[in-house]
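Biologist: I should like to go through this structure step by step. May we begin with a helix and then proceed to other parts?

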Amino acid sequence: MKTQQLPWYMNAMFYEVHIRAFCDSTGDGNGDIPGLISKLDYIKQLGIDCIWILPMFSSPLKDDGYDIADYYNIHPDYGTIDDFKQLVNEAHHRGLKIISDLVLNHTSDQHPWFQKSRSEADSKYRDYYVWSHTDDKYSDARIIFLDTEKSNWSYDDQAGMYYWHRFYSSQPDLNYDNPDVIEEMQQVMKFWLDMGIDGFRADAVPYLIQREGTNCENLPETHQILKGFRAFMNDHYEGKILLAEANQWPEDVREYFGDGDEFHMGFHFPVMPRIFMAIRKGDASPIHWIMSKTPDIPDNTQWCTFLRNHDELTLEMVTEEERQWMWEEYAPDPRMRLNLGIRRRLAPLLDNDHQKILLANALLYSLPGAPIIYYGDEIGMGDNIWLPDRNGVRTPMQWDDSPNAGFSTANQNELYAPVITTGAYSYKRLNVSAGLSDPNSLLHKMRHLVEVRKTHPIFASGNYKFLAVDQTECLVILREYQGQKVICILNLSDKNQMITLNLPDDRDKILIDIVHNSKFRHIKSDQTTIATDAYEFLWLKISN
Ligand code: GLC
């Protein structure tokens, strides 16, 4: 297959934005859609292809918008439907795609469907949710929000029954055994796709269906429903994508790609904590291990990879022992822990060490998949562990050193969340404007790395193979595509490492350093020895 025939998402770079946190155009303390529009040029110059926005719908915000009260309206803090249309047009005008969250599994308890469901036993809405006279069904299903919820059932006084919810009790699960619910969601998809968006990041997809005696995750019936949504997209919306949020082991996520007839993309959750493990331990084996467990996926489907996002750094896909180790190493203060994860941002996790931050990104970009950058991580933003829930990693974007980091003209106490004002992460020194004007900034280096990755489609479509080296501290990945080869060498340790590569087929060829765009070495014999500094990475193209 020729590179130019690849679907757009295969080689895309994604950027995750929380509208509330990005830019406030009205001075009310909340980011909004016109604010995001005003920053599209910034996102574009970063090398981004597609923006993923967190839920922007009407919501009582018990789960920051993942609790939707009206799928057909924009939260008034963010603007109007017309603003949203303009956002889509302005993004497209710049060659940017835009996808939004699609929260299928549950609604807010404030949604009119649930209001009717609980109060009108005879209405069709009763069957839109999962009700039971007892709270002991589906007892093999785990509790996800462990720190707040004691059960997946909550009692509702009005209905005189229990309703099922996999997340907060204010988020009742929809009943996907009811075809009307499927039809409703298809209408929701249609509404936004007709407005021009390029697809959805489908939230919490493993949990749509419940069956007694199972853990109620990844059930065949759930896949059937998702395939139906995909068929609907195929029929009417060519080129638009579905991205699965299934926080599961790779063999289970594999099922969400179907035979190329379910999701176009799926997050690779388990590789993420292992990148942090590998860098802290100075040991490539966690990456070798998880990739050995990662099955091939159908043509024209793609993994979506990330280091951080708007949630806690989840430790669900690691062993109990690994989780304890990750908590001790990366979340020594109990405030840093939440549910089964760590509520910190990328830069603080990696000691604000730009070399390590770049190494982590380079590792991510060396693996198969289309990467996502979480807003603010490109400048190395900090977090605020004292805020509740996951809010500490959702603080206002730091644009410049003016009051409120240039995010908003509101009074400081009117901001939806405080800007970070102390220490190395204070907006006074760490902001986009400072990053743009310093040629050695993390922002410039990130932008360059993104550009290099994107100009080498080998990263998006090529095969990958780990090359054996004696140093367990180094990860060496060979990417290959249509006779081209790039060797990615990542020194995960805090010491210099000399590694020897066996390249008998490439004798007399030249290694080109594609990051610095310079000749690196003439390969004179079957073996070549390469010196790397602590936490250094090299991307070397083999050239004639
Ligand atoms: C997903 C979202 C998370 C949300 C949850 C419930 O995991 O990423 O932020 O709380 O779904 O909707």
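Biologist: In this predicted model, how far apart are the end C-alpha atoms of helix H15 (residues 442–454)?

Modeller: Helix H15 holds 13 residues. At 1.5 Å a residue, a helix of this length should span 18 Å, and the distance in the model agrees with that expectation. The end C-alpha atoms are therefore apart by 18 Å.

Biologist: Which strands are included in what covers the buried residues of H15?

Modeller: The buried residues of H15 include Leu 442, His 444, Leu 449 and Arg 453. Their cover includes helices, among them H3 (40–45), H13 (354–366), H14 (432–437) and H16 (458–461). It also includes the strands E16 (370–374) and E24 (537–543).

Biologist: How far does helix H6 (residues 179–194) reach from its first C-alpha to its last?

Modeller: Helix H6 has 16 residues. The span expected at 1.5 Å a residue is 22 Å, and the model comes close to it. From first C-alpha to last, H6 reaches 22 Å.

Biologist: At the start of H6, which backbone nitrogen does a side-chain oxygen of Asn 178 approach?

Modeller: The two atoms lie within 2.9 Å of each other, and the oxygen belongs to the side chain of Asn 178. The backbone nitrogen is that of Asp 180.

Biologist: Which residues touch the most other members of the largest nonpolar core?

Modeller: This core has 161 residues, and H13 gives the most to it, with 8 residues. Trp 192, one of the buried residues of H6, touches Met 56, Phe 57, Phe 84 and Phe 200, among others. The residues that touch the most other members are Tyr 15, Phe 84, Trp 192 and Trp 539.

Biologist: How many residues does the second, separate core have?

Modeller: Val 476, Ile 489, Leu 511 and Leu 538 are included in this second core. Its number of residues is 16.

Biologist: What share of the ligand's accessible area does the protein cover?

Modeller: Of the 13 residues around the ligand, those that come nearest are Asp 63, His 106, Asp 203, Glu 245 and Asp 311. Oxygen atoms of the ligand are 2.6 Å from a side-chain N or O atom of Asp 63, 2.8 Å from one of Asp 203 and 2.9 Å from one of His 310. On its own the ligand has 300 Å² of accessible area, and the share that the protein covers is 96%.

Biologist: Is Asn 309 buried or exposed?

Modeller: Asn 309 is in the loop between strand E12 (302–306) and strand E13 (313–314), where a polar atom of its side chain lies 2.8 Å from the backbone nitrogen of Asp 311. Asn 309 also touches Glu 16, Tyr 374 and Val 393. Its relative accessible area is 7%, and buried means under 20%, so Asn 309 is buried.

Biologist: Is Cys 216 buried or exposed?

Modeller: Cys 216 is placed in the loop between strand E9 (199–203) and helix H7 (220–236), with a positive phi near 60 degrees. Most residues other than glycine have a negative phi. The relative accessibility of Cys 216 is 1%, and so this residue counts as buried.

Biologist: Is Gln 482 buried or exposed?

Modeller: Gln 482 lies in the loop between strand E18 (474–481) and strand E19 (484–491). Its phi is also positive, near 45 degrees. With a relative accessible area of 53%, where exposed means over 50%, Gln 482 is therefore exposed.

Note on methods: Residues numbered from 1 in each chain as written. Predicted model: local features only at pLDDT ≥ 70, side-chain atom pairs only at ≥ 80, totals over all residues. Heavy atoms only, no water. Helix = DSSP H or I, 4+ residues; strand = E, 2+ residues; numbered from the N terminus. Expected span 1.5 Å × (residues − 1). Buried < 20%, exposed > 50% of the residue type's maximum accessible area, 1.4 Å probe, protein only. Contact = heavy atoms within 4.5 Å. Near = heavy atom within 4 Å. Polar contact = N/O pair within 3.5 Å; in protein donor to acceptor, adjacent residues only side chain to side chain. Areas by Shrake-Rupley, 256 points an atom, 1.4 Å probe, with all protein chains shown as cover. Core = buried A, V, L, I, M, F, W, Y, C linked by side-chain atoms within 4.5 Å. Lists of a residue's contacts leave out its neighbours within four places in sequence.
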